[in-house]
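Have the structure open as you read.

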Amino acid sequence: MPNSLKVSLVNNAPPGTTVYAYITGLAIQHSSRRVFVKQDSSLYFPSNPSQILQPLEEDCAIVLGSHSSVVTIPQIAGGRIWYSYDTPLTFLRNQGGPGGGAALVEPSVLNPTDLNNQVNFGFCEFTLDPAQLFANISYVDFVSGIPAGLTLKERGGKVQHVSGMAEDGLERVCQGLREQTKKDGWPWERLIVMKKGGGGQVLRVLSPTHAGAVGVKFDGFFEPLVERAWRKYAQGVEGGHTNGHTEEIKAEKDGKRNRLSALFMGFKNKGQSQSQQSHGAETGCEMHVDTQTPMGVLSGCIPKGKNELIIGGEAFSKPTTADILGCNSGPFTTGPSPKRNAIIPRLAAAFQRSCIADIMEHPSSPETFYCCEPTNHYCRIVHECNLDGKGYAFAYDDVQPDGGADQSGKVNAGDPEEFIVLIGGRGAYVGDRMP
């Protein structure tokens, strides 16, 4: 692994648009201090201020010309490449940052008083450490009005590419959310954030995890799914039986990966409402969670007389909608148990993707995702609007069966030669090739 890496920032924005980019993170080789990589590849370490909310001492914007700018980055953990259209971003310094430097106040889409709140901006995430480069596009918090794609070239010549959305990606997401609100009455369309005084211009779309920032509530949304799952895995329930639409899960080797074959009405009628689908009559089933660790596959059920899902000896209470959307509270709170921490991402993903009550083997494959109501339509729509279907739409969107198709929109390699960030969506393409 090299101590540094060449990064190309490509301007694929609409003609005439000025793109401002910023590279931030923790400098691994400099006591993990906060660092900016500037246009000439020099490093700026914000000093610890005497007061909070102080401006940066240097201009760290990388202004993209009509094509691209190339910079060299050192080893960085928790890195982000930020970008904005036509307006520079504002970063501020606070006291008490890592390594004796400043803490960084980054642009926020949730704080209405943030100086960047009305700026069209986005970011991708990366870490370059002694083991590898790992980078991804993310929609966990919001969908930006600036699409981005990633390309990674390895020293051996192999290319990995994540397409991102096309230029009209945000518009397509908004259309999908509006249509979904018409179908089910939930406030998906209110996640759309308009620019103040912008004459109807859409600025971004928030994840339902952050719906409260725009006064929207999804309280009670996932609870019917939770009840259905609890019925399915409850043992010793009077009158419990398996209905005629029981899923028949079987692994079929195709030479590359396992496929899950599911025989139940929900898959054949993906667009049907919950009342049209046949769910919930099954009880007494057993769940199997592949931890994808040496711990192997763990069985789970709700023992008779209990109200907790027990998987491999770990007890999980019923999650709320907020727990499912955020993936980090209630039963999904991680802790000291390696076993529990291995179960949590796979269980949280099964609830988020709404396959928990229909599929007993987890992680399941993408054709099982978002097939029944209630489901996270923000995630569904985001994946549909990415040209290759990839991109983190929730925190554990990298959960997949062994050999399964990646959903997370990541590129990674231990021998990277060049990392390219395509900003703007113009000319977005599908396929593992160089731009």
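## Before we start

Two strands count as a pair if DSSP finds at least two bridges between them. Strands of a sheet pair through backbone hydrogen bonds, and they do so either parallel or antiparallel. Keep in mind that the model you are looking at is predicted.

Begin with strand β14, which covers residues 148-154, and strand β26, which covers residues 416-423. These two run antiparallel and are joined by 7 bridges. For one example, look for Leu152: its bridge partner in β26 is Phe419.

Now zoom out. β14 and β26 belong to an open sheet of 5 strands, and reading across it gives the order β7-β1-β26-β14-β15. The pairing in this sheet is mixed. From one strand to the next, the twist averages 15°.

## A hairpin and its next partner

Next, find strand β20 (residues 287-290) and strand β21 (residues 297-301), an antiparallel pair with 4 bridges. Together β20 and β21 form a hairpin, with 6 residues between them. In the turn, Gln292 has a positive phi of about 55°.

Which residue of β21 is the bridge partner of Met287? That partner is Gly300. Gly300 also stands opposite Ile311 in β22. Strand β22 (residues 309-311) runs antiparallel to β21, and 2 bridges join them.

Conventions: Residues numbered from 1 in each chain as written. Predicted model: local features only at pLDDT ≥ 70, side-chain atom pairs only at ≥ 80, totals over all residues. Heavy atoms only, no water. Axes fitted to C-alpha atoms, helices over the stretch in contact; angles between N-to-C directions.
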